[in-house]
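Here are my notes on the model, as promised. Have it open while you read, and tell me if anything looks off.

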Amino acid sequence: MSDVREVNFDGLVGPTHNYSGLAHGNLASQDNAGLTSSPRQAALQGLAKMKALKDAGYLQGVIPPAPRPLLSTLSDLGFHGPGMLDEAAREAPALLRAAFSASSMWVANAATVTPSADSQDGKVHFTAANLQSSLHRSLEVSFTSAMLARIFSSPRHFVHHPALPATPALSDEGAANHTRLCAAHGVPGVHLFVYGRDDGDDAQPIAPQRFQARQSLAASQAVARQHGLGDRRAVFARQHPRAIDAGVFHNDVIAVGNGPVLLYHELAFADEERTLEALRERMLALDGTLLLPVRVPIEAVSLEDAVSSYLFNSQLLSNGDGSMSLVVPVECQNNEAVWFALQTLLLDGPNPISELLVQDVTQSMSNGGGPACLRLRVALSGVEREALGGRLLLCDSLYADLTAWVERHYRDRLSPEDLTDPRLADETFCALEELEQILDLPGLYGKR
C-alpha cells in the first residue's frame with residue numbers, strides 16, 4: 001500500500017506532571033524524586049517537539065492524558081471525604097503519588113501495535129499493555145484501553161485485544177519492547193519482541209542483580225499470538241542483564257529501529273549474534289529485505305552514557321528520499337562521548353541516517369522519558385487515517401489550541417507536596433473537560 005505512512009502519536013503531558021520517583025529501575029526518575037517540576041513547561045516542550053516534526057513533514061498525532069488524580073482509586077482504598085488527600089499523604093503517600101501520576105504521557109507503553117500489512121485479516125491490531133510491574137502505571141490500563149478503542153474505533157479497520165492478565169508471568173510494557181523492521185511502512189515486516197525474563201527457562205543466563213526485568217517472554221509471545229504473528233514474522237530476544245542493571249528498563253532505552261535499520265548498543269541483547277541472525281533470516285525469507293544493523297560499541301558509548309543521554313530513546317524517522325532522521329534529546333548534544341558517536345554515525349556508512357534533529361524535552365527526561373517514550377508509532381493507510389475518531393492529527397490550528405489550553409490551565413511549578421492541594425484536582429478536572437472539546441472526544445473522561 002503506497003499511501004501507508006507512520007503516524008507518531010505523542011502523549012500530551014498531563015497537568016499533574018511531577019517528580020515523585022515512582023519508577024524503580026528508572027535512574028532519572030529515582031534521582032530527581034522530590035524536585036519541583038513544571039507541568040506547563042513539560043507540556044509545551046512536548047507540543048514543540050510534535051510541531052517541529054509536523055513542520056518537517058512527518059505525520060504527527062496527539063494522545064490525550066489519562067485522568068488524574070484518580071480519586072476513585074483512593075476512595076476504593078479507604079480514603080474518603082474532603083480530607084482524603086491529606087489523609088492519604090499521611091497514611092499511604094505512595095498511593096497518593098500513584099493517584100496523581102502523569103506517567104500516561106509516555107505512550108510508548110500504552111500498547112503494542114501491528115499494522116494491517118502484517119495481520120491476517122488486513123486490520124490494525126492493538127493490545128493495551130497491562131503495566132503490572134508498577135502500581136502507578138497499572139492504573140492507566142482501563143482508560144488507555146477505552147481511549148484507544150475510541151480513537152481507533154472503526155471495526156472495519158481496527159481490532160482491539162484485551163490487556164494480558166495482570167500477573168508477573170505476563171508482565172507487558174507495550175511498544176517500548178517491540179520494534180517492527182521492514183522495507184517500508186506499507187509492506188510486510190518482521191517484529192522484534194525484547195524481553196528481560198523467561199520464567200520457564202531453568203537454564204536462563206545470569207539474571208539482573210540490581211533491577212527487576214519488566215517484560216516477560218510469555219507476555220511477548222501472547223501479544224504476538226493475539227496479533228496473528230507466526231514464527232516467520234516474530235523474533236524474541238532477551239535483553240542483556242547488564243543493561244537492565246544499568247537502568248535500561250525498556251528496550252527502547254538501548255535500541256531503536258525503523259524500516260530495515262536497527263540502531264543498537266553492543267549490550268542491548270543477551271545474544272547479539274543470534275538476535276541479528278534471526279532477524280536477517282526472517283526478513284530475507286519474507287521479501288528479500290536486508291537488515292541494516294548499526295552497532296554502537298561500548299568503547300564509544302558506555303551503558304551509563306547511553307542511559308543518561310537517552311541516545312537510543314530517539315525517534316528514527318523515514319524521509320521521502322530514502323534517508324532517515326534521528327530525533328535526539330538535547331542531553332545527547334551535552335554529552336561529549338555520545339555527541340561524537342552520533343557525528344561518527346553520520347559519517348560512517350553504509351546506513352541511511354543522514355540527519356540529527358535535537359529536541360528539548362528536559363522535563364520529561366528528568367522523569368525518565370525521552371523522545372521515543374513520548375510516542376506510539378502506528379502505520380496507517382490513507383483510509384485508516386480517515387477512520388480515526390476525534391481531532392488528533394496535528395495541524396497548525398490544533399497546535400495553537402493546545403498551546404493556549406496549556407497556558408490557561410497548567411501550573412508553572414509543582415512539587416510532590418502540592419498533591420494535597422484540593423485546588424490542583426479541581427484545576428485538572430476543569431482542564432480535561434475543556435480538552436474533550438478541543439480534541440472532539442466528548443465524554444472521554446466521563447463524570448468526576
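This is a predicted model: local features need pLDDT of at least 70, side-chain atom pairs count only at pLDDT 80 or more; totals for chains, interfaces and linings use all residues.

1. The order reads E2-E1-E15, and the pairing is mixed. Strand E2 (59–63) and E15 are the edge strands, each pairing on one side only. From one strand to the next, the twist averages 30 degrees.

2. Staying with that sheet, have a look at how strand E1 (residues 5–11) sits against E15. The two pair in the antiparallel sense, over six bridges. If you want a place to start, find Arg5, which stands opposite Leu380 in E15.

3. How many cavities of 30 Å³ or more does a search of the whole structure find? The search gives seven, and the largest cavity holds about 380 Å³ of space. Its lining takes in 25 residues, and those nearest the centre are Glu6, His178, Thr179, Arg180 and Arg377.

4. Which strands supply at least two residues each to the lining of the largest cavity? They are strand E6 (178–182), strand E9 (255–258) and strand E15 (375–380). E15 contributes the largest share, with five residues. Sorted by class, the lining of this cavity comes to twelve nonpolar, eight polar and five charged residues.

5. On to another open sheet of three strands, this one with the order E12-E13-E14 and, again, mixed pairing. Strand E12 (315–318) and strand E14 (353–359) are at its edges with a single partner strand each, so one side of each has no neighbour in the sheet. The twist here averages 25 degrees from one strand to the next. Strand E13 (residues 324–329) runs parallel to E14, and six bridges join them. Met324 is found opposite Ile353 in E14.

6. What packs on this sheet? H2 does, touching E12, E13 and E14, and its direction makes about 150 degrees with that of E14. Helix H13 (residues 336–347) packs on the sheet as well, touching E13 and E14, with its direction also at about 150 degrees to that of E14.

7. H2 has a helix partner too. Helix H2 (residues 39–55) packs with helix H16 (residues 396–409) at an angle of about 170 degrees, and their axes are 10 Å apart. That angle is why H2 counts as roughly antiparallel to H16. On the H2 side, the contact uses Arg40, Ala43, Leu44, Leu47, Ala48, Lys51, Lys54 and Asp55. These meet Asp396, Tyr399, Leu402, Thr403, Val406 and Glu407 of H16. By class, the contact of H2 with H16 divides into seven nonpolar, one polar and six charged residues.

8. Last point: are H4 and H5 oblique or roughly parallel to each other? The axes of helix H4 (residues 84–91) and helix H5 (residues 93–100) come within 5 Å and cross at roughly 125 degrees, and the two helices are therefore oblique. H4 brings Leu85, Ala88, Ala89, Arg90 and Glu91 to the contact, while H5 brings Pro93, Leu96 and Phe100. The class count for the contact of H4 with H5 is six nonpolar, no polar and two charged residues.

Notes:
Residues are numbered from 1 along each chain as its sequence is written. Side-chain values use heavy atoms; hydrogens and water are left out. Axes are lines fitted to C-alpha atoms, for helices over the stretch in contact, and angles run from 0 to 180 degrees between N-to-C directions. Helices (H or I, at least four residues) and strands (E, at least two) are DSSP runs, numbered from the N terminus. Angles under 35 degrees count as roughly parallel, over 145 as roughly antiparallel, 65 to 115 as roughly perpendicular and the rest as oblique. Contact means heavy atoms within 4.5 Å. Ala, Val, Leu, Ile, Met, Phe, Trp, Tyr, Cys and Pro count as nonpolar, Asp, Glu, Lys and Arg as charged, and the others, Gly among them, as polar. Two strands pair if DSSP finds at least two bridges between them. On a 1 Å grid over the protein atoms alone, a cavity is a set of points where a 1.4 Å probe fits but cannot get out, and a pocket is an open set with protein on both sides within 12 Å along at least five of seven lines; lining residues have an atom within 4 Å of a point. Grid points are joined across faces, edges and corners, and a volume is the space filled by probe spheres set on the points.
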